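Please keep the sequence and the coordinates at hand while reading the explanation below.

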Amino acid sequence: MVRKAPDSNSKSNGLTDVVQWDNYSLFIHDQRVFLHSGEFHTFRLPVPDLWLDIFQKMVAAGLNGVSIYIHMGATNPSRGVLDFNDWRALQPIFDAAKLAGIFVTLRPGKFDFINAETTAGGIAHWITSEVAGELRTTATDWTAAYEPYVSGIIDAVVPNQVSQGGPVLFVQIDNEFNQTPSHAAYFAQLETQYREGGVVIPLTYNDLNEGRNFINGTGAVDLYGLDSYPQGTTSACLNPTDWSPVATSYHSYHLSANPAQPFYMPEFQGGLFDFWGGPGYDACALLTEPAFQDVFYKHNWASNVKLISYYMVYGGTSWGGFPFPVVYTSYDYGAAIRENRALSDKFDELKRQGLFLRSSSEFRKTDWIGDTSTGIPGVTLNGSAAFVTLLKNPDTGTQFFVTRQADSTSTANISFTLTVPFSQGTLTLPQTTGSIALNGRQSKLIITDYTFGAAGALLYTTASIFFAGTIGARDVLFLFGDADQSHEFALVLTGAGTRSASSRIQFTNATAAGITTVAIASGAAGLLTVWESPSQLVLFADPVTAAMFWAPAIKAPTPSNDTVPGFESFWQFGTNETVLVGGPYLVRNATISNEGSTLALRGDLNASVSLTIVAPLEVREVTWNGERVDVRAEGALLTGWLTQSASVREVKVPALTEWKFADSLPEVQSGFDDSSWTVANKTRTNIEVKPLFGDGRVLYGCDYGFCEGHVLFRGHFNANGSETAANLTIYGGFSFAASVFINDRFISTVSTNAQSASDDGQLTSADILGVDHVNALFAFPDGSVVPGRDNVLTVVVDNMGNEEYPDEKSARGIAGFELVGGTFATWKVQGKLGGYTNFPDKVRGVMNEGGLFGEREGWHLPGFDTSSWTPRDLSEGLPGGGAGVGFFVTMFDLAFPRNTDVLVSFQFEEGNTQPYRALLFVNGWKFGKAISPGILDYNGKNTIAVALWALDNTAVSPSLELVIDSVLDGGVGPIATNNPVWEPRS
Ligand code: GAL
């Protein structure tokens, strides 16, 4: 039953009939779909075997789409070099998406491309230095710079488009770039390149909020969408319980902007990024907690949105040089799936909504009828604290009343009743239970004239729908509602069956033929079988119990004539068959074999749990991860027990000891030879801030090929004896630091941080941009300058990444220099080995290494021999307790049992206020806190390196531990590691 008769509405499309739309929704192969998607950046999880893990988790939440930014900077490290290898590859994304059954919106951006709190908004660093023309225009040098990258994207996309049986549904050609007429030519140029390259799926665009400036003629994309972050960005996590109200303008904006298209939100707030010095990601998770998802996401539905993607559903890690200056390494985002890939309570809410949307075909086509502010014909709301919007399916008459608090931020408990027209006249809801309750920040859909499965008829419900559909021969309806509220629904009970005997459930036979009203009294918790017969099953649970259930799509063993080739795993296209499985931490997939008698489940356990299954009646045998499970029939359910493998208790991680140490700042020792360094003698730059003072020489790392990580500058002068100080303006971006030395003497470290940026506790973009540089006088200590010979000023600058639009061409380095009492002769500059054209580590890529001496030598890489190094514990800090940079390296073995997914993190001491910064390298990757298999070798040797930068002459004592966050029995399968080892470097 997969292919259905085409809908009669007139449709539009890109260049293929496979993907079309009308004013209501999208169609894929003539099927109406609600595109329910989440954002995930593969570059933030550089282990291709784990992409399937994220996709499976998204699909398990009921999502059918994933939106993916591709990072140009990582893929196109220098002019003419396109590197779609290793974790930058696109084909493994498409293969994993197809396997999981999820449609892909690819967002190669390119033009500030992507934002995403990543350096230069995704634009390749070399462009920020080499291109003189204005970015994101039709400037010829910019066009020449980006076109090869777009060609590479096109080549990968074309064979993977939905029209070819692949998973790629949309390509978003630019991001949040105001579609004013002046940008139209640029959009048109992009579109032409995609079309000429053979991309036939719709080209889309994500407008910055309600931009009102989208293009109608030349340059117009096929499908326009807008994004919205109603809880704010930048520093909103500081006040996580302060809600902004819902935006009431969405629906009218859609009508005024693109009424012939369905309402598309390519990004809607799924969490938020945290900033240096910010409150941490748990605060961002709280800001966007389940109640936020409940109220705000359903408000989007009320605005008749039919395509939506939550930014982010899995955030991951902005490792290496990926972050833009405001954010630190973790990009957890407080998302539904946390950085260590654990499922949060936000995932549960996403699933409650996701399975409802997946179950409810009538919801895919609705007219917006009215709301409390406009009035809704024939509808009376009794309860002024409530707000209701009516959406109605014009074909089936199904009505969806989206209810919330009139003041959407209110935390009061309220109740109301609703008098509505429906198929059988007029009805006041509820009939028997008094009123409908909203507990504080809550939203509910009250539904009338809903059908489910083959013959299920639900007249109305004030309880929420978790799942509706057919399982085997039965129509199954699974409702839920808060245990401290009462709920009511009315339906036709079919077959000869049994009613629940629970005292909390009351059945009333209505006068109308065959209709039964079911009232659930407050206090009903756990899972209740309301009604069961051979043809019908009705379940009710509290929301927490409901979220313990999974509804995996069951792939047909052999595709039928109706299956769309390529879409075998896709719900709605390859299969509409499912089972309900309650208990496990995660169910990844399910198959039914042996003439329907064996149900094979795969998934993860975080504990031993009881198992509750709703399956076709023929199923008598169940396996879990290949092992038989004892199940017995308990009424309509199969129940059993899943025991977590004893081997999970063997999972241990060692203490990090036996550190070896080497100094990593030989540049400040007397006699250091920098003759091989690059002479910084350019006098022209495309970077926006031109040299401020000095003699015209450009001292920006990126102009010499050193765009990522630490860059060192050495200014030589032949002293005359009257030099007393250096006056420097140093740019590094928000939260950067720079240490300055004269010969072998430390002068001082300058830095900027959130505290200095914000005077009012709030952090605005202006605050951030205002602290991307420091001007200071670095006074030479007595006796540090030796007259009559070469003296050297050494500056170590941490480049925090480039700004996003419109400041991608960010100054990073020394914008102004003056030697008080003298003049600088030669300036030398040094950054990552080989610069962006010739860096040695092609696997980890251009973003990984910076210019610290140890990085250049490859000390962070596995296999580097530290046997000649000094034993020194990390907690002892640098020898002598002075400012400087040192490398600490240790190794340890892991031996985790097979078929476990261990979520581990590295933790530096809590609330560190000591004056140091540290870079953590895990098996050669400059990584952050949460480390996945693939980066860590779960069955072998691992190398940890810490580059410790002591910022002043104070002894520091860092501590670092490896901790287990959780051990899961199961996992996505074998994970290949690709951690190239050290080789001699020149
Ligand atoms: C959006 C942008 C995303 C990301 C987000 C905030 O406006 O499109 O790329 O930057 O803001 O996390």
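Which residues does threonine 943 touch, not counting residues up to four places away in sequence? Before the answer, a word on the source: this is a predicted model, in which local features need pLDDT of at least 70 and side-chain atom pairs count only at pLDDT 80 or more, while totals for chains, interfaces and linings use all residues. Residues are numbered from 1 along each chain as its sequence is written, and side-chain values use heavy atoms, with hydrogens and water left out.

Threonine 943 touches Leu861, Pro862, Gly863, Val889, Thr890, Met891, Phe921, Val922 and Asn923, where contact means heavy atoms within 4.5 Å. The residue belongs to strand β56, which covers residues 939-950; helices (H or I, at least four residues) and strands (E, at least two) are DSSP runs, numbered from the N terminus. Because its relative accessibility is 4%, threonine 943 counts as buried, a term that stands for under 20% relative accessible area, with exposed for over 50% and partly exposed for what lies in between (1.4 Å probe, protein chains only).

Valine 131 sits in the loop between α4 (125-130) and α5, and it counts as buried because its relative accessibility is 1%. Its contacts, again leaving out residues up to four places away in sequence, are Trp126, Asp141, Trp142, Ala145, Asn686 and Lys809. Lysine 809 is 678 residues from valine 131 in sequence, yet the two lie 9.3 Å apart in space, C-alpha to C-alpha.

Helix α5 (residues 140-157) and helix α6 (residues 181-196) have axes 10 Å apart and pack at an angle of about 35°, the axes being lines fitted to C-alpha atoms, for helices over the stretch in contact, and the angles running from 0 to 180 degrees between N-to-C directions. Their crossing is right-handed, which is the case if the near helix is turned clockwise from the far one by less than a right angle, and left-handed if anticlockwise. By class, the contact of α5 with α6 has eight nonpolar, four polar and one charged residues, where Ala, Val, Leu, Ile, Met, Phe, Trp, Tyr, Cys and Pro count as nonpolar, Asp, Glu, Lys and Arg as charged, and the others, Gly among them, as polar.

Helix α9 (residues 290-302) and helix α10 (residues 345-359) form another pair, whose axes come within 9 Å and cross at roughly 30°. That angle makes α9 roughly parallel to α10, as angles under 35 degrees count as roughly parallel, over 145 as roughly antiparallel, 65 to 115 as roughly perpendicular and the rest as oblique.

How many disulfides does a search of the whole structure find? It finds two, a disulfide being a pair of cysteine sulfur atoms within 2.5 Å. One joins cysteine 237 to cysteine 284, with 2.1 Å from S to S, and it links distant parts of the chain, from the loop between β10 (223-228) and α7 (250-257) to helix α8 (residues 281-287), 47 residues apart. Both cysteine 237 and cysteine 284 are buried. Another joins cysteine 702 to cysteine 707, with 2.0 Å from S to S, and this link is right-handed, with 85° about the S-S bond.
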